Every structure is written in C-alpha cells, then in structure tokens.
Amino acid sequence: MKKFLAILLAVLMCAAVLTACGAKKADGTDTTADTAADTAAETHPEKTTLSKDPVRVFTLKGPTGMGMAKLISDSKNGEASLNYEFTVASSADEFTGTIIQGDFEFAAVPTNLAAVLAAKTNGAVTVAAVNTLGVLYVLENGDSVKSVEDLAGKTIYSSGQGAVPEYALNYILDAFGIECNVIYESEHDAVVSDLITKKADIAILPEPKVTAALKNADAPEGLHVALDLNDLWKAACEKKGDSGELYMGCVIVNTAWANEHPNELEAFLSDYKASVDICSADPDTASTLIADAGIIPAAPVAKAAMANCHIVFIIGDKMAEGLKGFYNVLYGFNPASVGGKLPDDNFYWVKPTTTQQVQHKVKKLFQ
C-alpha cells in the first residue's frame, strides 16, 4: 500500500508540474493562460464553490473585535462569503473551553492566549492573522509622570493580570530597573472607577477604556494620557537587545478545519481584511457598525478610541516573524505566559503550496 501511495503521489505531482509548466492544446495553442486563470481562481476564493456549512466565529468586545464589525454586518445582510455564526463575548473565558474542545472555526483572542491554547491542544489551534497592536496607555491624575523612570516608587492600578498587560508592564519595568507597586483590579471598569474617584493617581488601561475614562463627566480635570506602552515596549526591547512588536490581538483558526477547507479559510481572510480596512478608510461607518455589533457600546467612543487601537491585518511571513519575536520576549521573561513552551512553526498559518495540497488530497483518499 505504501508503495502504491508513493507511485500515486508521484503521478499527481508530475501532472501538477506539467500543468504549471504549460502544455499544448489539441489546436496547438499554449495553455499557460489557462494555468494563470486557474491560479487566479485559487487566489480569489470567492470564485470557487464554498461550503455552506456554519462557520463559528468567536470575538471579543474591545479592540480585538473591532475589526470584525463590518463582517458581522455583512453576514447579517447576507453579503458575506461564508455562512458565519458570530458570538461576541466580554471575556475570552466565555469561549476558551469551546475552543479547547474544537467546537469553533475562528476566534479573535489575545496573542498570548493563542499560544497557550496551542500548547493545551497540541497544535489544534493555528494563528491566521494579527489584528491588534499595542493598545495600553498610562493615565495620570496630575503631572508627575513624564517618562518611564518617573514610575519608580509609584502605585499603579491596572487590569489584565495573567495576560499581556501584566507581562508587558513587568517586562518594561524590568528592562529599566524600576520598582513600583502594582495593584490589579479584576476588570477594566474598576480601574476607570479608581481614576474617576481619585483612588488611583496612576493607572494602566487599554483602549477604548482610556477614552471612556477621559470622556467621563466626572473625570478629574488633570486626568490625561502620560505614556504609551507601545513606545515603552520598543524602548525596553532595544535596551535588552530583544525584538518583537507589541502584538496584542490575533485571529486563530481550528487547525483541522483549516486543512480541510483551504478555500473557505482564504474566503474568511478576504472578508476579514475588507472588514478591518473600513476602520481606517471610513471611521464614521466603522464606529457605527462596531456599536451595532455590541463590540463597544457607543459609536462616538468607538470613533474616538479607534485611532489609538492600532487595528491591523497582518498575515503570512510578516505575522510569523513579528509573533515569534514577541513570544520569544514573553517566554524569556515568563514561560507560563505562552503556555510553557514556544509555538512551533506549524502554529503560524501560511497558504499551502500545491505540493501540500496534493499530499493532503492523496492522504484523504485512503483515510
């Protein structure tokens, strides 16, 4: 059987190579143009027949989910490529168990959680795109914090313990040799309240909670953004000789599903890119869609926060290179932050080559 499979694979591969190189039709014309057309069809999955099966997508309120808003709207209006079923959650804890069980197709999650889930599921989770860069900021009631060194000896209120906010802050403080007292609240809104009531003079919050705090009618007159953790992260990496963008949010895909449905995966990425693009191209429409989807309660807050949410669409080698650097930094500082081990290369999705597609089809024939 193994010999037969090897022969069959060789035959299929030869056929693929001959097709790619071009052949002659019966009338003597070259088929290179036909091959180019086939390649174009693969590049544009909307031109292929796509599955009508439900595609379950989990996303979070806040920046990680903002880029999904137009796609949610398109899906409701019947304008999306696939039969999406969306769940918008306040916390990843609401669907982490479902992901571990494999009952999902896509999910927008924090980047460190993606690595943890890959470790827990032995590679049943693959990252398909980075969708959010750093969204963390230091807010201050007063005017004493001009640089990271000014945090020394201070008490800082924050949220996100056990997640990227804690790991990023600890890495920055360690890089600059700064000691301070960090008090973690269980929710972002609790930190906002601490600032409004002046319980906290200094706090770290993500957008859009930064905007919510600054626009609060009861906000202290001196409340302002003092530092951007994006800048501090880059400075800390330079100081330690590390590299890696502050990649905070990503989209993961069920690995088995992705292998079975490469065209549907491409269709999702095409739909999702269009959804992300509207955030920069048309903030007014995007903010309305974000509010309608329940990702952020009010369109004005969504629009005000959007500029500082760093919503992106990064895939392929650039995604893999940036995430590897980010994970290396986290792992070197705290291995538990990425599940105890670094993800292997299979964790990063790249479009399958023709060889891989043929191998997969042959394997399926004899399963």
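Biologist: What percentage of the residues of the protein chain count as buried?
Modeller: Of its 367 residues, 46% count as buried; that term means under 20% relative accessible area, with exposed over 50% and partly exposed in between (1.4 Å probe, protein chains only). Please note that this is a predicted model, in which local features need pLDDT of at least 70, side-chain atom pairs count only at pLDDT 80 or more, and totals for chains, interfaces and linings use all residues. Residues are numbered from 1 along each chain as its sequence is written, and side-chain values use heavy atoms, with hydrogens and water left out.

Biologist: At what angle do α7 and α15 pack?
Modeller: Helix α7 (residues 164-175) meets helix α15 (residues 316-333) at about 75°, and their axes are 11 Å apart. The axes are lines fitted to C-alpha atoms over the stretch in contact, and angles run from 0 to 180 degrees between N-to-C directions. Helices are DSSP runs (H or I, at least four residues), and strands are runs of E of at least two, numbered from the N terminus.

Biologist: Which residues make that contact?
Modeller: With contact meaning heavy atoms within 4.5 Å, α7 contributes Val164, Tyr167, Asn170, Tyr171 and Asp174, while α15 contributes Phe326, Val329, Leu330 and Phe333.

Biologist: On another topic, where is Pro208 found?
Modeller: Pro208 is in the loop between β8 (202-206) and α9 (209-215). A cis peptide bond joins Glu207 to Pro208, with omega about 5°.

Biologist: What is phi of Asn122 near?
Modeller: Phi of Asn122 is near 55°, a positive value in a residue other than glycine. Asn122 is exposed, at 69% relative accessible area.
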